[in-house]
Amino acid sequence: MTLPAPVSRRSFVVASVGAALALGVSSQAQAQAQAQAQAHARGRGPFGRYGSPSARLDERTLYVHPGGLGDHSTVQAAVNAASGSGYALVIAPGTYRETVSVSVARTEMTWVGASGEARDVVVVYDNAAGTPKPGGGTYGTTGSATTLVQADGFTARDLTFANDWLRAEHPGISGTQAVAIKVQGDRSAFVGCRFLGHQDTLYADSMALGTFARQYYRDCYVEGDVDFVFGRATAVYENCHFRTLIRDDLTGAPYGFVFAPSTAGVNPRGYLVTGGRISSEAPDAYYKLARPWVPSSDTTARPMLTVRGTRMSAGIDAVAPYTNMSSGFPWQDQRFAEYRNTGPGAVVSVPENRPQLTSSEARSHTREAYLGDWTPWKGC
């Protein structure tokens, strides 16, 4: 079978916001021109309907612009300036090639893509787990993250979070995990966002083993190949699109796995995927839906994933959609279940390989049940 040539994530990011910016070689003038052109196309200033430094919405609204038209030209500088709770960052169109960290002290922070189009505002970098650090050693999986969010109450709208590290460019590096974003805070919400990467794209986690972090993703797009949605958070993915990528470094299946939850055994709620879809660039049946991650730091983990009301393309292996990450922790002993999914990748041909919820059981697998007294969907 002849496969189409793969489109790298770096090419995709370049196509999104302009080659000069995405390659990190733009001047300040180029960055400003790019942002202004996109804003002009929509008939508004670079910050859209969200005011400007001269017409600030309130004292806790900060404006980020790559060409210097805002309060800050980088996202991290704006985060650093938000030295308390309740700040909002309005981020103008452009590519922000940087790593960003939101500490636990910066609670109730909101990031907004000013144009209302996630493709226009990209936060991207290219570290991998095996990338050498300047002071020695390597970054590791967590250290590879382009964006790290540890604060509670974080909200992001209409933004792209990306890691464009490519295996083909680094054949000597074996640690190929390259995280676009790691989210650890409780009450973290993402609406209309894109998450781009290959391995370990979206790390939905918590701050500690005994901490249950609730996260909500709505109308988002996530792509990758190996375990590209993973971690121990209690996370609801509502109306989200997951896309599996082609791989030119492998000749056979499986290419990878969409989900790899590592839910703590004492946590009654793991990942819930509802009303979404899973598409694929890969040949039919070249991807598994999930495998359980039981990390060495928590061998009592009992990964949990429920997928309901979701359309699965033929890229998902319908006969055997689950597999093991470790033989000592078989997927059959974990908490994997499905309910009323559709599409060729959801066909139940071997019932023992596709555990299904009953209608009664499904009533306890809803966003309300998973998120408890937190109702982000009412304010999004």
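**Strand E17 and its surroundings**

Guide: In strand E17, Val236 is the bridge partner of Tyr216. The model is a predicted one, in which local features need a pLDDT of at least 70 and side-chain atom pairs count only at pLDDT 80 or more, while totals for chains, interfaces and linings use all residues. Residues are numbered from 1 along each chain as its sequence is written, and side-chain values use heavy atoms, leaving out hydrogens and water.

Visitor: What makes E14 and E17 a pair of strands?

Guide: Strands are DSSP runs of at least two residues, numbered from the N terminus, and two of them pair if DSSP finds at least two bridges between them. Strand E14 (residues 214-218) and E17 are joined in the parallel sense over 5 bridges, and E17 also pairs in the parallel sense with strand E20 (residues 271-274), over 4 bridges, where Glu238 stands opposite Thr274.

Visitor: Why is E17 described as largely enclosed?

Guide: Buried means under 20% relative accessible area, exposed means over 50%, and partly exposed lies in between, with a 1.4 Å probe and protein chains only. By that rule 5 of the 5 residues of E17 are buried, so the strand is largely enclosed by the rest of the structure. Thr234, Val236 and Glu238 point one way and Ala235 and Tyr237 the other way, and all are buried.

Visitor: How do you know whether Glu238 is buried or exposed?

Guide: Glu238, which lies in strand E17 (residues 234-238), has 13% relative accessibility and therefore counts as buried, the limit being under 20%. Asp227, found in strand E16 (residues 226-231), is likewise buried, with a relative accessible area of 7%.

Visitor: What makes the approach of Glu238 to Tyr216 a polar contact?

Guide: A polar contact is a pair of N or O atoms within 3.5 Å; within protein, one must be able to donate a hydrogen and the other to accept it, and residues adjacent in sequence count only if both atoms are side-chain atoms. The side chains of Glu238 and Tyr216 are joined at 2.3 Å, and the side chains of Glu238 and Arg367 at 2.9 Å, so both values fall within the limit.

Visitor: What makes E3 and E24 edge strands?

Guide: An open sheet of 8 strands runs in the order E3-E6-E9-E12-E15-E18-E21-E24, with parallel pairing. Strand E3 (94-97) and strand E24 (311-312) each have a single partner strand, so one side of each is left without a neighbour in the sheet. Strand E21 (residues 277-280) is joined to E24 by 2 bridges, and Arg277 has Arg311 as its partner there.

Visitor: How much confidence does the predictor place in the chain, and where is pLDDT under 50?

Guide: On the pLDDT scale, the predictor's confidence in each residue from 0 to 100, the chain averages 91, and 88% of the residues score at least 70. The value stays under 50 over residues 1-9, and it is also below 50 over residues 14-29.

Definitions and conventions: Contact means heavy atoms within 4.5 Å.
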